[in-house]
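Here is a short report for someone meeting this structure for the first time. Look over the sequence and the 3D view, then read on.

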Amino acid sequence: MFSETIVKHYSEYPIKFKSLTFSGRCRKTRIIDYNSRFGSIINSFVSLSGVGRKSFDVPVTFNRGWHGNMKDYRKKNPDYEYTITFDERNYQVNIHLCKDDERYTPQVHGETIGIDVNCKHNLFSLSDDTTYDYDRKLVNDFCKLSLEIDKLKVQDKEYKVGKRKQQKLDTLKSKMIKSEQQLIANMCKVLQSQGVGHIVMEDLDNGFGKCYVKDKDNEDINYNRKVKFLGLGSLKQEVEHIARKYDIAVSTVQASYTSKMCPICGCIEDENRPSQETFECIECRHKDNADFNAAKNIRNRVLVTVLRESLLKQMDNGAFEPKKLKREKVKEVLLSFRSNLQEIARSECTNGSMTTFDYI
Ligand SMILES: [Zn+2]
């Protein structure tokens, strides 16, 4: 029978739940699908991910009259919240799915803050000059163990990760994910208390602009790999998910030139970054910590009207996402903004007054 195969499959790699309810998130395009084996007593499967980043299938009974159309559960960009409850008395497992459109989306309100994400120095650097860092020891332990396994695999192609090692790796990984979520929650809590209702981040899905950086703690690990370890690719979704609980809306902007641009005079040059740690504008000599500078540029993309209107589009809740533009086009917009700034500066100078830009 089908159920026996399932029991056999999971008895080898059991998923242990420590409580009777479990909540997670799943991004599968087909979270539920009919059983392809026609005539089986199990008519469909719910396929979930998010349990220690493993995926598992739960046999369920899908009832059109009750659950609606199966097609409604299929999405191009799925992001389901689910809760599993174990009903001990009736030996039942219930799965509650929360559809996207039923979820509360915070409206943009209050203060806006920019966040630069970077795993070299601090995970989050904010435009108000504060930082939040991940648990480096945990990440380093995880990286070391992964590398060790990699080396063994290179030495012996037949090498299989032992149970204990795999368990250690899984434990480290789930601890890492938890501590990352805790970090985001702490940050959101502080921001909420400061009246921040809107955070702006770079669009991380299109890869990192700063991938060339090597990490001094883990010379062997290239940055891309560490980004992957830290789950930074899905960080935006993670932040969005947690920020919602604190009534904070999340906008994203193009990552291009956020680290090289001067927020005072608009100058964009590679030379504005004399080192990884510092930003110093070659035109106006404005100096800042490189990550804080990026965070301010990220925030300005939303706060400065001309940048916002040319680079972003607004969503229903008032938050923004980047328009699909080529890197050169983004630069063109930024440069035209720069010449505007120079115009203003010139006219202000003839009036004999000082120019101040209140957007940083
Ligand atoms: Zn400058």
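This is a predicted model. Start with Cys 284. Its relative accessibility is 32%, so it counts as partly exposed. Cys 281 has 0% relative accessibility and therefore counts as buried.

The zinc ion takes its protein donors from Cys 262, Cys 265, Cys 281 and Cys 284, each through its SG atom. The donors lie 2.3 Å from the ion. Along the sequence, the donor residues follow the spacing C-x2-C-x15-C-x2-C. What is the arrangement of the four donor atoms around the zinc ion? It is tetrahedral, because the donor atoms subtend angles of 101 to 117°. The ideal angle for four tetrahedral donors is 109.5 degrees.

Strand β11 covers residues 249-253, and five of its five residues are buried. Both of its faces are covered. On one side sit Ala 249, Ser 251 and Val 253. Val 250 and Thr 252 are on the other. Strand β10, residues 196-202, pairs with β11 in the parallel sense over five bridges. Glu 202 has Val 253 of β11 as its bridge partner.

Now the interior. Nonpolar side chains tend to be buried together in soluble globular proteins. The largest nonpolar core here has 35 residues. Those touching the most other members are Ile 115, Val 117, Phe 124, Leu 191, Ile 199 and Val 239. At least two residues of this core come from each of β7 (109-117), β8 (124-126), α3 (136-155), α4 (163-193), β10 and α6 (235-245). α4 gives the largest share, nine residues.

Leaving aside neighbours within four places in sequence, its contacts include Ile 115, Val 117, Tyr 132, Leu 183, Met 187 and Val 239. Another core, of 17 residues, lies apart from the largest one. Tyr 257, Val 302, Leu 312 and Leu 341 are among its members.

Finally, confidence. The chain has a mean pLDDT of 80, and 80% of its residues reach 70 or more.

Where pLDDT is low, predicted coordinates should not be read in detail.

How values were computed:
Residues numbered from 1 in each chain as written. Heavy atoms only, no water. Donors = N, O, S within 2.8 Å, 3.2 Å for Na, K, Ca; no water. Tetrahedral: all angles 85-135°; square planar, octahedral: opposite > 155°, others 65-115°. Buried < 20%, exposed > 50% of the residue type's maximum accessible area, 1.4 Å probe, protein only. Helix = DSSP H or I, 4+ residues; strand = E, 2+ residues; numbered from the N terminus. Pairing = 2+ DSSP bridges. Core = buried A, V, L, I, M, F, W, Y, C linked by side-chain atoms within 4.5 Å. Contact = heavy atoms within 4.5 Å. pLDDT = per-residue confidence, 0-100.
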